[in-house]
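Here is a short report on one protein model. Look at the structure first, then read on.

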Amino acid sequence: MKKQISVKKISFAGALLLGINGIIGSGIFLLPGHLFQEAGSYSILAILFAGLATLMIALNYAVMASKMDDDGGAWTYAYRAFGSLAGFQTGWFGWFLGVITISAEIAAFLTTLAGFMPLTSQSLTYKLIALSIITMIGIINLFGPSFVTYLDDLSSALKVVILCIFIIAGAVALSHFKVTFGHHATTGHGFTGAFVTAFYMFTGFSFLPNVAGQMKNAAKALPRVIIITMIAVSLIYVATQTVTIEFLGNSLAGEKLPVAAAFGIIGGQMGQSLILSGMLVSILGVAIAVSFDTPVELASMAREHQLMPDWLARQNRYGAPYWAIILTTALAGGLVVSGEYIFLVKLIVFSSFIQYIATIASLIKLRNDQTLGVGMRLPGGLLLPIASLLLITYLLTSFAMVTVLIGLGFAAVGLVIHEVERAIKQKNK
C-alpha cells in the first residue's frame with residue numbers, strides 16, 4: 001500500500017513507521033488459519049522465510065529507487081531498461097495488482113463483518129454489500145485525497161495497536177508454548193503453498209524504496225530501514241501466528257477470523273467484538289487508501305510516455321482522474337463478487353511476482369548505466385538479484401493453472417491495448 005509522502009525530509013524513525021504501516025494489511029488478520037491448514041505449525045517458518053525472501057527482493061527495489069527517482073516504480077524501471085512494451089505490461093500488471101488488492105480488502109472486510117452479521121456471508125447479501133462499498137469508495141475518490149489521507153492514518157494506527165494488544169495479551173495469558181513443528185498439516189499443499197500465500201502479507205514493501213528521495217542520507221539509511229522494517233514485521237507476524245496456533249490448536253485450520261477467534265478465548269465476547277470492530281476500520285481504511293493510489297498509477301501511464309489512452313489522465317475539478325477511477329472501481333467490483341478472498345490473494349501474489357521480475361531484471365540491465373545515478377550497491381554484485389530471480393521463477397510454478405491463465409489473459413489484453421495505442425500515436429504524428 002502506497003502513501004502520499006510530504007516534501008519534508010523523512011527521518012529514520014519516520015521511515016520505519018511508514019514501512020511497518022505500509023506492509024501490515026488484512027492478511028495477518030485472516031490468513032493464519034489458511035496457512036496452518038496448508039503447513040501446520042511449519043506455517044511459522046513459512047512466514048519467516050517469506051519475510052526473508054521479501055527482504056532480498058526489497059533490496060533490489062532499493063537499488064533501483066536510489067538510481068531513479070521516478071514516482072512510477074517498477075513500470076518506469078522496465079520502461080527505461082527494456083522499452084515501451086515491457087514498461088506498459090509492468091504498469092498494466094501494477095494497476096491490476098492494485099485493483100485485486102481493493103477487491104481482496106473488501107472481501108476481507110465482508111468476512112470480518114460476518115463475525116457480527118452472519119447474514120453477510122450469504123451470496124446475495126455479500127454481493128449487494130460489496131458493490132455498495134465499491135461504489136462508495138469510487139465516489140469518495142472523485143472528491144480528492146483529504147478524507148482518504150485521514151482514514152488511512154487512522155487505519156494504520158489501529159491495525160498495529162490491535163496486533164500489539166493481541167500479542168501482549170496472548171503472551172500474558174499463556175503459561176508456556178506447546179507448539180510442535182511438523183504436526184497438524186491438514187491439506188496436501190504443504191510448505192510451498194503456505195510460503196507463497198505468506199508473500200501476500202509482505203507485498204506492501206514496494207512502497208518503501210519509493211521514499212528514498214525524501215529520506216535523509218538515503219543511500220546509507222534505506223538499506224537499514226528495509227532490513228529493520230522487514231525484521232520487525234516478520235516478528236509481529238510470527239508472534240501472531242504462534243499465539244493463534246497455541247490458543248486454537250487444530251481448530252485454527254480453515255478458521256476465517258483466527259485473530260478474533262483467539263482473542264475471544266483471551267478476552268471473551270467483549271474482547272472479540274473489540275478486535276472485530278478495529279479490524280473493520282483498519283481493513284476498510286486500507287481498501288480506500290489503495291483505491292486512491294491505483295487509478296493515479298493508471299493515469300500516470302497515460303500522462304507519462306503516453307502508454308495509455310489520453311482520456312485516462314483527464315481530471316475533474318478536484319484533481320481526481322475520473323475515468324481511471326471509474327475503470328478501477330468497475331473492475332474491482334467485478335472481481336470482488338466473483339472471487340473469494342484466498343483466490344484474490346493468490347492473484348495478488350502472482351501479479352506482485354511480475355512486478356518483482358521486471359524490477360530485478362531492470363536492475364541487472366541498468367546496473368552499469370552511466371546516465372543514471374550511482375545509487376546504493378548490493379554486496380556480492382549480481383548474486384542477490386540472480387538468487388531473487390531464481391526464487392521467484394521457481395515459486396511461479398506453484399500457482400494453480402486458473403491463476404496463470406488469468407495472468408496470461410490479462411497480459412494478452414494489455415498487448416492489444418499497447419499495440420492499438422502505439423498505432424494511433426504513430427498515425428497522428
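## Salt bridges across the chain

Asp369 is partly exposed, because its relative accessible area is 21%. Here buried means under 20% relative accessible area, exposed over 50%, and partly exposed in between (1.4 Å probe, protein chains only). This is a predicted model: local features need pLDDT of at least 70, side-chain atom pairs count only at pLDDT 80 or more, and totals for chains, interfaces and linings use all residues. Residues are numbered from 1 along each chain as its sequence is written, and side-chain values use heavy atoms, with hydrogens and water left out.

Asp369 forms a salt bridge with Arg80. Asp369 sits in the loop between α13 and α14 (383-396) and Arg80 in helix α5 (residues 74-82), so the pair ties together parts that are 289 residues apart in sequence. Helices (H or I, at least four residues) are DSSP runs, numbered from the N terminus; strands (E, at least two) are found likewise. Arg80 counts as partly exposed, because its relative accessibility is 38%.

How many salt bridges does the structure hold? It holds three. A salt bridge is a side-chain nitrogen of Lys or Arg within 4 Å of a carboxyl oxygen of Asp or Glu.

| Salt bridge | N to O distance |
|---|---|
| Glu38 and Lys346 | 4.0 Å |
| Asp369 and Arg80 | 3.9 Å |
| Arg422 and Glu419 | 2.7 Å |

Glu38 and Lys346 meet in a salt bridge. This pair links distant parts of the chain: Glu38 is in helix α3 and Lys346 in helix α13, 308 residues apart. Are these two residues buried or exposed? Both Glu38 and Lys346 are buried.

Arg422 and Glu419 both lie in helix α15 (residues 401-428). They are three residues apart, about one turn of the helix. Arg422 is partly exposed at 43% relative accessible area, and Glu419 is partly exposed at 30%.

## Empty space

Rolling a probe the size of a water molecule over the atoms shows where empty space is left. The search uses a 1 Å grid over the protein atoms alone. A cavity is a set of points where a 1.4 Å probe fits but cannot get out. A pocket is an open set with protein on both sides within 12 Å along at least five of seven lines. Lining residues have an atom within 4 Å of a point.

The second largest pocket holds about 570 Å³ of space. It has 23 lining residues, and the closest to its centre are Thr111, Lys256, Glu340, Tyr341 and Ile342. Elements giving two or more residues to this lining are α3 (32-39), α6 (84-113), α7, α12 (322-338) and α13 (341-366). By class, the pocket lining has ten nonpolar, nine polar and four charged residues.

The structure also holds two cavities of 30 Å³ or more. The second largest cavity has about 60 Å³ of space. Its lining includes Ile102, Ser291 and Ala332. Helices α7, α11 and α12 each give two or more residues to this cavity lining. The cavity lining divides into six nonpolar, five polar and no charged residues.

## Two more residues

Met279 lies in helix α11 (residues 258-303). Met279 counts as buried, because its relative accessibility is 0%.

Ile139 is in helix α7 (residues 123-141). Ile139 is partly exposed, with a relative accessible area of 45%.

Key
Points joined across faces, edges and corners; volume = space filled by probe spheres on them. Nonpolar A, V, L, I, M, F, W, Y, C, P; charged D, E, K, R; others polar.
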